[in-house]
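Keep the model open beside you and try each task before you read its solution.

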Amino acid sequence: MNDIQYQFVKKILSTSSHSAKEVGRAFAPSNIALCKYWGKRDEVLNLPVNSSISISLGNKGSFTEIKRSNKDTFILNDEIIDNQTAFSCRLSKFLDLFRSHCRAPGFEVRTKNNIPTSAGLASSASGFAALVLALNDLTGWELNNKDLSLLARLGSGSASRSIYNGFVIWNAGKNIDGSDSYSQSIDVKWPEIRIGIIKIDESEKKISSRDAMKKCVATSKKYNFWPSFAAEHLCKIQNSIIVKDFDMLGSTAEKNALKMHEVIRDTIPRIDFFTSETYQCLERIKSLRSNNVSVYATVDAGPNIKVLFLENELKVICKEFKKVEIINPFGEMNA
Ligand code: PMV
């Protein structure tokens, strides 16, 4: 177990209350970054180089149930996961941080994702956030959102944002212990916003975002420019949310995603998450815009595209992208 992480968790849990239940249950939404987190200033504590902003995906995410047990068992979408897989090892390592606080040598964790796992649709974000929320339910810690976000961040950076619905900002923070690196909700509701998920390829990624991030920071010559671009995009996106300027929001989010992928492609050896279909789809989105349709794309560490648009363009988007899955981030939060 990593001692730095353990001490971080111990400090957060030192003032928490206890009223143990038999089963802890929670849901956390997936989220899509409008200004991406790319690069860590601390690998162990998952501390980011830059602040990021996301929008949560309403009722699309992870449902988790957790029970104490004498060994770890992970059941994902009704299938028992072999204990030797990278997935199980990562979860067990994360749970090591909580065993003594839960008085449990092991846990049975059952998770159902209603988003494709590992296809660039941020299932690790909702997965770790739901796990922390379920632990909080199991133990009766009654942690506040800041502490829940700090704990989820240890599992996966983007999980720190999945504690909340709606727009979320994750402040990178400056402290070396990570105590100021957590997410907060942005108190703006924008019910007309829609997200369309265009699945290009749902198979397991060749490289995880975690590994790609590490390699990119270490070898991409373009990475040096990323923090200043991200800071500029963050500021524009924050303002566009406050004044509800959709074109400013969408165009900046698209620029941000394309910039991140440009930086990633400069990694040695080259990493390109886009497939030829991703490029074609981005062109279609551009041509829709030239026909006055206000639609913008964002892409995470995978080939799949998420389009951002307002409710009034729904028909056009569904006609253009036959298999698009529409998400109403503000309408489906409590479903
Ligand atoms: O939290 P991680 O390690 O899965 O990294 C997420 C990275 C991106 O999805 C590409 C960007 C982001 O901010 O979510």
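A polar contact is a pair of N or O atoms within 3.5 Å; within protein, one of the two must be able to donate a hydrogen and the other to accept it. Keep in mind as you work that this model is predicted.

**Exercise 1. Find the two domains and say how far apart their centres are.**

Solution. 
- Step 1: Domain 1 covers 3-185, and domain 2 covers 193-327.
- Step 2: Take the centres over C-alpha atoms; they are separated by 24 Å.

**Exercise 2. Describe the area buried between domain 1 and domain 2.**

Solution. 
- Step 1: Look at who touches whom. On one side, 28 residues of domain 1 make contact with 41 residues of domain 2.
- Step 2: Turn to the area. About 3,000 Å² is buried between the domains, and carbon and sulfur atoms give 71% of this.
- Step 3: Find the main contributors in domain 1. L34, K36 and W38 lose the most area to domain 2, and together they make up 29% of what that side buries.

**Exercise 3. Which polar links cross the interface of domain 1 and domain 2, and which elements of domain 1 take part in the contact?**

Solution. 
- Step 1: Apply the polar contact rule, counting pairs with both residues at pLDDT 80 or more. Seven residue pairs are found across the interface.
- Step 2: List the elements that give two or more residues to the side of domain 1 that touches domain 2. They are strand 1 (23-35), strand 4 (52-69) and strand 8 (167-170).
- Step 3: Pick out the top contributor. Strand 4 gives the most, with five residues.
- Step 4: Sort the residues on this side of domain 1 by type. You get 15 nonpolar, eight polar and five charged.
- Step 5: Count the salt bridges. Two of them cross the interface.

**Exercise 4. Where is the ligand held, and which residues are closest?**

Solution. 
- Step 1: Collect the surroundings. The ligand has 14 residues around it, and the closest are Y37, S156, S158, R161 and S209.
- Step 2: Check backbone atoms. An oxygen atom of the ligand lies 2.9 Å from a backbone N or O atom of Y37, and for a backbone N or O atom of G157 the distance to a ligand oxygen is 3.4 Å.
- Step 3: Check a side chain. In S209, a side-chain N or O atom is 3.2 Å from an oxygen atom of the ligand.

**Exercise 5. How many salt bridges does the rule count, and what does the pair K112 and D78 link?**

Solution. 
- Step 1: Take the total. The count comes to 19 salt bridges.
- Step 2: Look at two examples. D300 and K36 meet through their side chains at 2.7 Å, N to O. The side chains of K112 and D78 meet at 3.4 Å, N to O.
- Step 3: K112 is in strand 7 (residues 106-113), while D78 is in the loop between strand 5 (73-76) and strand 6 (79-81); the two are 34 residues apart, so distant parts of the chain are linked.

**Exercise 6. Which peptide bond is cis, and what is its omega?**

Solution. 
- Step 1: Go to the bond from I268 to P269. This bond is cis, with omega near -15 degrees.
- Step 2: Locate P269. This residue is in the loop between helix 8 (246-265) and helix 9 (276-290).

Note on methods: Residues numbered from 1 in each chain as written. Predicted model: local features only at pLDDT ≥ 70, side-chain atom pairs only at ≥ 80, totals over all residues. Heavy atoms only, no water. Domains from an automatic or database assignment. Contact = heavy atoms within 4.5 Å. Buried area = accessible area lost by both parts, 1.4 Å probe. Salt bridge = Lys/Arg side-chain N within 4 Å of Asp/Glu carboxyl O. Helix = DSSP H or I, 4+ residues; strand = E, 2+ residues; numbered from the N terminus. Nonpolar A, V, L, I, M, F, W, Y, C, P; charged D, E, K, R; others polar. Near = heavy atom within 4 Å.
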